[in-house]
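Thanks for coming. Please look at the model on the screen.

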Amino acid sequence: ADKWLLTAIAAVEKNIADESYSVEQLSSDLCMSRMTLYRKIQASTGQKPTEFIRTIRLRRATELLREGRMNITEISYATGFSSVSYFSRCFHQLYGVSPTQFTEGS
């Protein structure tokens, strides 16, 4: 992967519990304009920056679900989702199962 992409992932991970961490903050952390960030993320991942941030949050959520030390409510807040229902909806969109089904399946 591109070095800047790894930096972008690390920046999101560092702020993962902050639900207000936005594309603006990511572009500022990476010292690039929002437009440049948009183009680079789209080119590298095929995602919009908001989807990119959400995917990193959800990937971290799967790790926490596998560890089994936190419940779904705790995990949704730990990964920066404003509500459990929004977290569950995003999780289902990406993985095709609910967080509960994911836990039961792993």
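**The largest pocket**

Lining the largest pocket are Glu 19, Tyr 21, Ser 22, Val 23, Thr 50, Ile 53, Arg 54, Arg 57, Gly 80, Phe 81, Ser 82 and Tyr 86. This is a predicted model, in which local features need pLDDT of at least 70 and side-chain atom pairs count only at pLDDT 80 or more, while totals for chains, interfaces and linings use all residues. Residues are numbered from 1 along each chain as its sequence is written, and side-chain values use heavy atoms, with hydrogens and water left out.

A pocket here is an open set of points on a 1 Å grid over the protein atoms alone, where a 1.4 Å probe fits, with protein on both sides within 12 Å along at least five of seven lines; lining residues have an atom within 4 Å of a point. The volume of the largest pocket is about 180 Å³, volume being the space filled by probe spheres set on the points, which are joined across faces, edges and corners.

Which helix gives the largest share of the lining? That is helix α4, residues 49-67, with four residues. A helix is a DSSP run of H or I, at least four residues, numbered from the N terminus. By kind, the lining has five nonpolar, four polar and three charged residues. Ala, Val, Leu, Ile, Met, Phe, Trp, Tyr, Cys and Pro count as nonpolar, Asp, Glu, Lys and Arg as charged, and the others, Gly among them, as polar.

**Salt bridges**

Side chains of opposite charge can pair when their charged atoms come close. The rule for a salt bridge is a side-chain nitrogen of Lys or Arg within 4 Å of a carboxyl oxygen of Asp or Glu. How many are there by this rule? The count is three.

Take Arg 34 and Glu 24, whose side chains meet at 2.2 Å, N to O. Arg 34 is in helix α3 (residues 34-45) and Glu 24 in helix α2 (residues 23-29), so this pair ties together parts 10 residues apart in sequence. Arg 34 is partly exposed at 45% relative accessibility, and Glu 24 is partly exposed at 41%. Partly exposed lies between buried, under 20% relative accessible area, and exposed, over 50%, with a 1.4 Å probe and protein chains only.

Glu 63 pairs with Arg 60, their closest N and O atoms being 2.9 Å apart. Both lie in helix α4, three residues apart, about one turn of the helix.

Arg 69 and Glu 67 form a salt bridge at 3.1 Å, N to O. Arg 69 is exposed at 68%, whereas Glu 67 is partly exposed at 40%.

Notes:
Helices (H or I, at least four residues) and strands (E, at least two) are DSSP runs, numbered from the N terminus.
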